[in-house]
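Welcome, and please have your viewer ready. We will go from stop to stop, selecting a few residues at a time and looking at what is there.

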Amino acid sequence: MEIDTELNTERAVCQAERVSAFGQKFWVVIAALWLQVMIVVFIILETKRRVQTPVSDWMNKIVYLLGM
Amino acid sequence: MIPPQTSQVLLGIVVVVLYAGSVTAIGVLSSAIAIGRQGSATVHTRLGLFGFVWLGFVMGQGILGVVWLVLSLAGILNSWLIWIVCALGWFLGGVMLLTFRRQAIQAMIQVRCGVLSFLHSRSWYFWVGLIVVIVSLLRGLTALLPPENDDALTEYLPVAKVIAFSHTLDFQPFVLANYGLYPLQVELHWAALFAISNETAVAVWDYLCALSFLAGIGLLGWCLTSSRRVAILTVLMLLSTPGFYYLMGGGKTGNAFAQSSIAAFLSLALLPTLGRRSVLLAGLCAGWAMAGGYQNVIVPPALMVFAVMLVHSPWRPLPLDIAVKPLKRFWVTNILVGSIAAALAGMPMLIKNWLLVGCPLAPAFGCQQMYWAAWFRGSLGITNLSVTDVLFYPFAWTFAYRNSMLGNISPLFLGFLPFLLLSYQSSLVRPALIAGFAGLVSMSTALFITPLFLSTPYFIAPLGLLALPLSTSVVAVERDFCHGRNVRWLVRGAIFVVSFLLLFQSRGVVYAVRYLASIDSQAVRYESNPNASSDVATWLNAHVQSGQRVALPNHDIYPYFVDPNILVNSESAGERQWLWEHRYSLSPSDVWHFYAQHGFTYVVVPKDRVDGAQSVRRDGVALNVAFVGREHAVLRMEKD
């Protein structure tokens, strides 16, 4: 009886740890995706801003032609 | 045969290297004297040789800044005197190297071992570090180009150029009305470099200061977390901040005085082992930061929080070696030492104001009847943020474009924030949180003082402090979730995208190479700038003869382009004061009459006012158009 109780407790702890690890992993993936979004938005805005200024060099012209 | 422009650029680089060596030697010796032999050994142990030399470089800038201030106020900032100080620095450096050659060799071996172990670690951080080095080098090449930033050409550079020309620090009424009263710690180094070399030397020095700031923030990260990865990621965060990298070598003072701020925090980080001597160093550096820009008044509150957390917080990176009991006495003594050191470093700038206009705290306090004080009061109301911007401060700072903001911050600040929320309890992150809190205090103080105005170059040091816990959290998450391949690649991919964006943004290096090779000239570069009025300046420089005076009644034209001889003979402070006091009673003909009476030959006016000025004729004095540029025209006063 005592062994069963101990086993059940251990199982419950393992389950909780798995859930916790899964939860953490989930949030880490969300954080990584958030990082991607921030960078993509930044690059689009920064490039647009530079292209709006008088087109001054060939690299900007290419970026402009690519429609960014 | 090397073209003259190329040789000038190369000469500028050589002079900067010599100057930097001298500054470092003087600074290292001064730091060693200030903190003693035991203190130096402690700094050496905690920060390594590189950290000790870096602190010396910043200290040297502070000390020589004061020396140049004294010499320029005395009117003797001559090139030969600057060369003597530089030679003294090299002599001291040589003596120190000879005396401590064994320690220096050992330290070099340690540095070499550290670099080699990092190279062989096959960590992906090696590639991030490599990209940081490449981007820094590209930015260094870009710094060879003539400065093009508006503020640099209107205020920062002309002040330094005229000090070098006249060997004297004066009020300089021809720059933005109250500019001569601002702290000029950084500009005095530029003045010294203008005196012994040229604008390339100034721009490269500014670039070196920016690079030194990156080194300082990396050192602080390493000191708090003992992780090279944190140091590299923090440097990348700052290097990918447009408000920082566009001004590396751009002739603005922000990157230079940020070094002193970070040096204050790095010195204070040694408080648990170095005690009062670290407070002395921190106080001096904080004082020099404020002597570089009054906006650094946001640094001392952050330093206080940093010190309290270092001593009392369970997150502190080092155990306390010093006895902190009785606690009250410990804090009173340290605050006193820090305040006296900061006052010693900052006071010369107030004395300068007292000597120039009789009011140490001008233009903010005192001398309020002067025309430049009215100008300053007018500038206080300038805002560039709305209330909505303030509510979404980090987003506005990262993505929005606002006037005078001078660049956004890196997207990594917002991007790394969720990682901090996930890992703030990690043992690696906790010490870095102390720096993060200090950064928050600094930013909060700035928000309290000027809530609706944001200019990125003013906040480079707080940004560095905020970057530390953020970068540490990413390293911690990567360490703790190393088995999650998707996460790892998402994070690494994002960081590499930012790194490649940085490489892309450094494409201006093509123009730097063309400039270095004398394919593009300085004049051609400035002519392409529509607002620069360089055409008017070029005409004035070629046609104004010795003894002739030119009136520059507005500040639209960039004084940097105008010959210093013309600038120092333009309207005096007294003349500007008279014109300002009578501004409501004077008709245009009165103004021209005033100029004629005071011996002016030319007046520069906006192009749209040429017809009105020409129709005015009084006491036989007529104004004829001498030159018409893109934005401005030059009128010549002639007697009928």
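This is a predicted model: local features need pLDDT of at least 70, side-chain atom pairs count only at pLDDT 80 or more; totals for chains, interfaces and linings use all residues.

**Stop 1: where the two chains meet**

Salt bridges between chain B and chain A number 0.

Now show the residues on both sides: 33 from chain B are in contact with 25 from chain A. Together the chains bury about 2,600 Å², and 77% of that is on carbon and sulfur atoms.

Next, which helices of chain B each supply at least two residues of the side that touches chain A? They are H9 (242–245), H17 (393–399), H18 (411–423) and H21 (485–505). Click on H21(B), as this helix gives the most to that side, with 10 residues. Sorted by class, the side of chain B that touches chain A has 26 nonpolar, 6 polar and 1 charged residues.

**Stop 2: a pair of helices, H7 and H8**

Select residues 199–225 of chain B for helix H7 and residues 228–239 for helix H8; they pack at an angle of about 145°, with axes 8 Å apart. Their crossing is right-handed. To see who meets whom, show side chains on H7(B), including Phe213(B), Ile217(B) and Trp222(B), and on H8(B), including Val230(B), Val235(B) and Leu238(B). The contact of H7(B) with H8(B) has 9 nonpolar, 4 polar and 1 charged residues.

**Stop 3: another pair, H13 and H14**

Move to H13 (residues 299–312) of chain B and H14(B), whose axes come within 13 Å and cross at roughly 145°. This crossing is right-handed. Select Met304(B), Ala307(B), Val308(B), Val311(B) and His312(B) on H13(B), then Leu327(B), Phe330(B), Trp331(B) and Ile335(B) on H14(B), to see the contact. Its residues divide into 8 nonpolar, 1 polar and no charged.

**Stop 4: a salt bridge**

Over all chains, a search of the whole structure finds 7 salt bridges. Zoom in on Asp151(B) and Lys252(B), which form a salt bridge with their closest N and O atoms 2.8 Å apart. Asp151(B) is in helix H5 (residues 150–166) and Lys252(B) is in the loop between H9 and helix H10 (254–268) of chain B, so this pair ties together parts 101 residues apart in sequence.

**Stop 5: two backbone details**

Most residues other than glycine have a negative phi, and most peptide bonds are trans. Select His167(B): this residue is not a glycine, yet has a positive phi of about 60°. Where is His167(B)? Look in the loop between H5 and helix H6 (185–196) of chain B.

Finally, select Ala362(B) and Pro363(B), which are joined by a cis peptide bond with an omega of about 5°. Pro363(B) sits in the loop between helix H14 (327–357) and helix H15 (371–380) of chain B.

Technical notes. Residues are numbered from 1 along each chain as its sequence is written. Chains are lettered from A and ligands numbered from 1 in the order in which they are written. Side-chain values use heavy atoms; hydrogens and water are left out. Axes are lines fitted to C-alpha atoms, for helices over the stretch in contact, and angles run from 0 to 180 degrees between N-to-C directions. Helices (H or I, at least four residues) and strands (E, at least two) are DSSP runs, numbered from the N terminus. A crossing is left-handed if the near helix is turned anticlockwise from the far one by less than a right angle, and right-handed if clockwise. Contact means heavy atoms within 4.5 Å. Ala, Val, Leu, Ile, Met, Phe, Trp, Tyr, Cys and Pro count as nonpolar, Asp, Glu, Lys and Arg as charged, and the others, Gly among them, as polar. Buried area is the accessible area (1.4 Å probe) that two parts lose on being put together, summed over both. A salt bridge is a side-chain nitrogen of Lys or Arg within 4 Å of a carboxyl oxygen of Asp or Glu.
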